[in-house]
Every structure is written in structure tokens, then in C-alpha cells.
Amino acid sequence: MGETPHNQKTLLEVKGLKKHFPIKAGFFKRTIGQVKAVDGLDLSIGRGETFAVVGESGCGKSTSGRTILRLEEPTEGEVIYHHDELGAINVEKADSKLLKRIRPEMQIIFQDPFSSLDSRMTVGRIIAEPLVINNMLRGRELRDRIAELLTVVGLRPEHASRYPHAFSGGQRQRIGIARALALNPKLIVCDEPVSALDVSVQAQVLNLLEDLQDKFNLTYLFISHDLSVVEHIADRVAVMYVGKVVEVGTTDDLFYNPKMPYTEALLSSLPQPDPRKRTRPTLLAGEVPSPANPPSGCYFHPRCPYAQEICKTEAPPLRDVGGTHLAACHFADELSLKGTTRLTEIKAPDVVAAAAAQEATQGTPS
């Protein structure tokens, strides 16, 4: 399990979390198998940090986030939330009364700003809903709180009377963020919050999330498939593959010194900041295994260029490979894997000269 840095208190612990969906077939809809969407997740998130989860589509990232909040009921495992007054709480065992007590502190920002907002409700009602359900504010106090939340996320108070269709994608996501902030949460699950937005708008929303984190001391579980976004915003990163975490480390450790071949392949898809380098993504053989029928041993071994016989039969544990860096690979200590290029390793004059030479070669566009 990825340990939190020593100077941080733990806010959330996830131990052996599993979420399996039944496969039903036949007239009587008998269960004939299981889709192992999340298959033994171990995480530890410190107060005030941004912990990112990355991986290919279908690896179980979003399901993990929803299961941690019990929007999906877990199949197995523990989700321990450290409450300031109640102490350590097992979220997966909490009854409705206890859930109502801790739910305000654990919120989510959904991926799609177009489908996550009710088109029949005004923006004011959307933001007010969690406050009304929890009997926290009414009347003028409620209206003042809505105006305050809209201002905090960069919108105007008079927008409260409009409907979602009147806003752009970036503005809608700001409304979703305002709704998540309404109950003063400690933990926010950001489920790919910028993947549906244009690149320029992505930067604005990411900067907003960072500003809000500093202002309200928020903790983020940031789910994304965009490594460039994760490199910018995350303190620590976990890489998932077919429902399992295969590597955990600080952003610097994971991006510049990967210890798992799958992480190396992911990082090879990132554009290099040095214009003199011409790199190509590592093309992995085969397809991503089905979570309904994963391979034996290491799930990545059918596609791994470094696989040995042991990889086919024994699943590697997620083990310490130095400091707080963990990797699930039998040969993590032996392999020399390639990460991304540090910006500090590139001399600015050389970059300018290389870019100028490239422009001169290609010709200046009219």
C-alpha cells in the first residue's frame, strides 16, 4: 500500500478493495462469471495532498472512486476514513445514519459536465440541493451561500437563475465544482474532471482546483488518463492495470524513474519537451486483457517486453523499491526503464536554437 509522506496525517486508507460485477446469462439470468473491475486496491491518501490514479480506459479508475464513496457497493475490502471527531470509520460497513454524518466530507466531481447537471433545474437549485437535503441552510442564508460558491468558482451570483444549457462546458464544470464544495468537504474525488473540456479550458479548471485546494485545505483523489495533467497537478500517482495497482510513487519518482514496464509504456506516449528529440510511443503487443478473464501470474506479462517464465505463473506483489516508491514487478530492481525528460535537463539556449533551426528548415508559415 502506498504510504503517505511522514509529514502528513492520513485521511483515507483503502485496503484490498474489490468490486466485481456479475455476468448473467440464460433465461433465468444465472451468474456465470464476474467482471473484476477493481481487484484488490490498496491506497493511502494524506490530508491536503493530490493523489492521482492513472491508467488506460477500462482499468477500473472511475469504479474505484465510486466504490470508495459507496456510490457502488464494494465486493470486498476496507475503506477507512479518518474523521476529525469520530476517528477511523469503516465506510464500507457504515449504516445510513453514519453515512449521512460523513458523506458531506466526501464529495465527487463527475467527468461529464453535460450529463451530471439536471437540465430541468436552475444552477441555484443544483448547488442548493446538497444543502437542502442535509438541512443546513434555508432562506436568505441559502441564497447567500449559493452566491458565495458561484463567486468562488469564477461565476457570477446572477447566474443562479439560469439553466445549465446556457453555459459552456467549462462553466458547467465550475458549477459541478461549486456543488461539490457546498458542504465544506475534506475529500473530493475528481473523476476525470477536465477530460471533456478543450485544452485551454482544461488549464483554467486545473488552476481553479489548485487554488481551491490551497484555500480550503482540500484533499483530491484525482482520476485521469491524461499523464500531462497528472504530472502538473499530482503529489503522488498510482498506476492501474486491469483492476490492480501496479506502481505507486511521488510524481517525480514515477515520471522520471519508473519501475514497472507498463508505466514505461504509458510514459512513452508523452510528448518530449526537447524539440530535437523524435520519440515514438512504445507499441505493446496484444490487447488489454478482459477483467472477466484475466491472465495468470502478472496480468501484464502477455504484453510485457521483459517478461520471464516466473511472470506467467506468479503474480508479483506491490513491494517497496525505494522510499515511498512501490512497484508490482518481479524484476523492478534489475530493469533500467526510461521515464520522461526533466525540463531542467534541457538547456534553454539549446532549445531555442533547436526550435529556430527547425522553423528555418520547415519555413515560416504565412
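The crossing of helices α3 and α5 is right-handed, meaning that the near helix is turned clockwise from the far one by less than a right angle. This is a predicted model, where local features need pLDDT of at least 70, side-chain atom pairs count only at pLDDT 80 or more, and totals for chains, interfaces and linings use all residues. Residues are numbered from 1 along each chain as its sequence is written, and side-chain values use heavy atoms, with hydrogens and water left out.

**The helix pair**

- Helix α3 covers residues 123-133 and helix α5 residues 169-181; helices here are DSSP runs (H or I, at least four residues), numbered from the N terminus.
- Their axes come within 7 Å and cross at roughly 30°, with axes being lines fitted to C-alpha atoms over the stretch in contact and angles running from 0 to 180 degrees between N-to-C directions.
- That makes α3 roughly parallel to α5 (angles under 35 degrees).
- On the α3 side, Val-123, Ile-126, Ile-127 and Pro-130 meet Ile-175, Ala-178 and Arg-179 of α5 (heavy atoms within 4.5 Å).
- Sorted by class, that contact has six nonpolar, no polar and one charged residues.

**The cysteines**

- You'll find zero disulfides here (a pair of cysteine sulfur atoms within 2.5 Å).
- Cys-304 is in no disulfide, and its nearest cysteine sulfur, in Cys-311, sits 6.3 Å away.
- Cys-304 counts as buried because its relative accessibility is 16% (buried means under 20% relative accessible area, with a 1.4 Å probe and protein chains only).
- For Cys-329, the closest cysteine sulfur is that of Cys-304, at 6.4 Å, so too far for a bond.
- Cys-329 also counts as buried, at 8% relative accessibility.

Definitions and conventions. Helices (H or I, at least four residues) and strands (E, at least two) are DSSP runs, numbered from the N terminus. Angles under 35 degrees count as roughly parallel, over 145 as roughly antiparallel, 65 to 115 as roughly perpendicular and the rest as oblique. Ala, Val, Leu, Ile, Met, Phe, Trp, Tyr, Cys and Pro count as nonpolar, Asp, Glu, Lys and Arg as charged, and the others, Gly among them, as polar. Buried means under 20% relative accessible area, exposed over 50%, partly exposed in between (1.4 Å probe, protein chains only).
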